[in-house]
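Work through the exercises below with the sequence and the model open. Each task is followed by a solution in steps.

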Amino acid sequence: MQSDCKITTSVVRHRGWASRVGLEKRSDFMAELETGRLDRSGVQDRSAGRVARAMRLLRERGPLEPFRLVRRHGLADSAGFVARNVRHLVADRMARKWDRDHNVDTAGSIQLAGLSIVGPHRDQGNECLCTSPKTFDFIMRSLPKDLGGHTFIDIGAGKSRTLLLASRYPFARVVGVEFAHELVGIARRNIKSFRDAAQKCRDLEIVEADAATYDFPPTPLVVYFYNPFSKQVFDIVIANLVASLRAQDRPCHLVYGSSSHAAIDWAKPAILASGAFEQLSTPPMPGFLDAVRKIDYAVFRYRGTGARR
């Protein structure tokens, strides 16, 4: 093994993906390029400053460093690394432009390290990476057209991007549940400052809570998950949701999305195993440029009698 490579068995997670890096060689160049820095809100962001870090590393190591990476990791792995980072940069630039256009701060890949967390599930939470606008609008096509009496709930709301996107649809109410205190503060500022002529719902709220303790409101629901945490916590939340629906029968649609490590492969069976939901047929997700990576998603409908009203 080269002296400037390292072996790691850490778990890299975010709201939307999580991958175990087991005994995997990664050069210091690759690792440092994807290391986060503090953003303007004081939270650690893996998306910010990637170009500047790449240029600094090239200055320090010389112009031959890319060739050494190819020799060390192979052409396919090196090309994949470059493609992944180029796509990330493009999507991040588009996200920050969306923020500027709407007077908010939602972009970035925010790390939980250093944040103040409510509840005992810090180690089960994933990095905060919000759904892209085009991805969200595509998913919404699989939901009912009449959402006027529904409450939209984003479990693991992060900096509130998904809440703001949902507010452009005719929901009665839009609620986000988030366990990181600093992200709750950013989300509340975003809700106040958001500007969009297409906004239809203005009853927006962010709840600072551990999702495992959240009580679902007694209204028709659309519940949205973008891989916010591990299966251990997810199972608790699903059990709570099903108990709420059975205590007060009402329509409910559930959306689960994941952009890496195949979380959808354990989430779908967990949802179906509850016996309360049926999976709906949905079209495959296109590879939108404003998304860091393509999302695998599934949409479910509650089987109760209220689901047919």
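**Exercise 1.** State which helix holds Gln232, whether Gln232 is buried, partly exposed or exposed, and how far Gln232 and Gln124 are apart in sequence and in space.

Solution. The model is a predicted one.
- Step 1: Gln232 belongs to helix α8.
- Step 2: The relative accessibility of Gln232 is 49%, so this residue counts as partly exposed; the exposed class begins over 50%.
- Step 3: Between Gln232 and Gln124 there are 108 residues of sequence separation, while their C-alpha atoms are 7.7 Å apart.

**Exercise 2.** Check the span of α8, then find where its buried residues lie around the helix axis and what they pack against.

Solution. 
- Step 1: The buried residues in α8 are Val233, Phe234, Val237, Ile238, Leu241, Val242, Ser244 and Leu245.
- Step 2: Viewed down the axis of α8, these buried residues fall within an arc of 165°, so they line one face of the helix.
- Step 3: Arg246 and Ala247 are exposed on the other side of α8.
- Step 4: The packing partners of the buried residues of α8 are β12, β13 (252-258), α9 (264-273), β14 (277-279) and β15 (296-302).

**Exercise 3.** Locate Asn227 and Asn103, give the phi of Asn227 and of Asn103, and classify the accessibility of Asn227 and of Asn103.

Solution. 
- Step 1: Most residues other than glycine have a negative phi.
- Step 2: Asn227 is not a glycine, yet its phi is positive, at about 40°. Asn103 also has a positive phi, near 60°.
- Step 3: Asn227 sits in the loop between β12 (221-226) and α8 (231-247). The loop that holds Asn103 runs between α4 (75-102) and β7 (109-110).
- Step 4: With 1% relative accessibility, Asn227 counts as buried, whereas Asn103 has a relative accessible area of 46% and is partly exposed.

Methods: Residues are numbered from 1 along each chain as its sequence is written. This is a predicted model: local features need pLDDT of at least 70, side-chain atom pairs count only at pLDDT 80 or more; totals for chains, interfaces and linings use all residues. Side-chain values use heavy atoms; hydrogens and water are left out. Helices (H or I, at least four residues) and strands (E, at least two) are DSSP runs, numbered from the N terminus. Buried means under 20% relative accessible area, exposed over 50%, partly exposed in between (1.4 Å probe, protein chains only). The expected span of a helix is 1.5 Å times one less than its number of residues. The arc is that of the directions from the helix axis to the C-beta atoms. Contact means heavy atoms within 4.5 Å.
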